[in-house]
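Student: I've got a new structure to look through. Can you walk me around it?
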Amino acid sequence: LVPKPAGVFLSKVVFDGTRFVGVGDMGIILSSTNGTNWHLGFTETTNRMFGIMAGGGRLVASGAFGTLLVSTNADQWVQP
């Protein structure tokens with residue numbers, strides 16, 4: 001998936017009931033409520049992210065080198 005206008009490749013996208021959240025290269029995590037306009041979330045990693053799951057009011061993203069990030073709002077991501 002290549003969202004516009006960001007133009008980055010997302011390796012995985014999940015819908016959490018209110019928004020789409022996608023992960024990709026260089027620690028990129030994007031969210032969108034409509035699938036067209038995407039918002040960049042804040043992470044402190046540049047590792048490739050390749051997995052994301054939603055449940056229980058949380059989002060969990062996984063990536064290279066054992067990177068694991070958690071968020072409740074898709075904007076701020078922290079290591080558990």
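Tutor: Start at the hairpin of E2 and E3. It has 4 residues between the strands, and Met26 takes a positive phi near 60° there. Strands here are DSSP runs (E, at least two residues), numbered from the N terminus. This is a predicted model: local features need pLDDT of at least 70, side-chain atom pairs count only at pLDDT 80 or more, and totals for chains, interfaces and linings use all residues. Residues are numbered from 1 along each chain as its sequence is written, and side-chain values use heavy atoms, with hydrogens and water left out.

Student: How many bridges pair E2 and E3?

Tutor: There are 4, and the pairing is antiparallel. E2 covers residues 20-24. Two strands count as paired if DSSP finds at least two bridges between them.

Student: What order do the strands of the open sheet come in?

Tutor: E1-E2-E3-E4, with antiparallel pairing. E1 (10-15) and E4 are at the edges with a single partner strand each, so one side of each has no neighbour in the sheet.

Student: What joins E3 to E4?

Tutor: 2 bridges, again in an antiparallel pair. E4 is residues 39-40. Leu30 has Leu40 as its bridge partner in E4. The hairpin of E3 and E4 has 6 residues between the strands, and Gly35 in the turn has a positive phi of about 80°.

Student: Are the faces of E3 buried or exposed?

Tutor: Buried, on both sides. Ile29 and Ser31 are on one side, Leu30 and Ser32 on the other. Buried means under 20% relative accessible area; exposed is over 50%, and partly exposed is in between (1.4 Å probe, protein chains only). In a regular strand, side chains alternate between the two faces of the sheet.

Student: What does the side chain of Ser32 reach?

Tutor: It reaches the backbone nitrogen of Gly35 at 2.7 Å. It also reaches the backbone oxygen of Asn37 at 2.8 Å. Setting aside residues up to four places away in sequence, Ser32 touches Arg19, Phe20, Asn37 and Trp38. A contact means heavy atoms within 4.5 Å.

Student: New topic. Which residues make up the largest nonpolar core?

Tutor: It has 11 residues, among them Val21, Val23, Ile29, Leu59 and Trp77. A nonpolar core is a set of buried Ala, Val, Leu, Ile, Met, Phe, Trp, Tyr and Cys residues joined through side-chain atoms within 4.5 Å.

Student: Which elements give two or more residues to this core?

Tutor: E2, E5 (49-55) and E6 (58-63).

Student: And what is Trp77 in contact with?

Tutor: Leaving out neighbours within four places in sequence, its contacts include Val21, Ile29, Phe42, Ile52 and Leu69.

Student: How many aromatic pairs are in the whole structure?

Tutor: There is 1. The ring centres of Phe15 and Phe20 are 4.9 Å apart and the planes are at 50°, so the pair is tilted. Rings of Phe, Tyr and Trp (its six-membered ring) pair if their centres lie within 6.5 Å; planes under 30 degrees apart are stacked, over 60 edge-to-face, the rest tilted.

Student: What is the relative accessible area of Phe15?

Tutor: It is 46%, so Phe15 is partly exposed. Phe20, at 30% relative accessibility, is partly exposed.

Definitions and conventions:
Polar contact = N/O pair within 3.5 Å; in protein donor to acceptor, adjacent residues only side chain to side chain.
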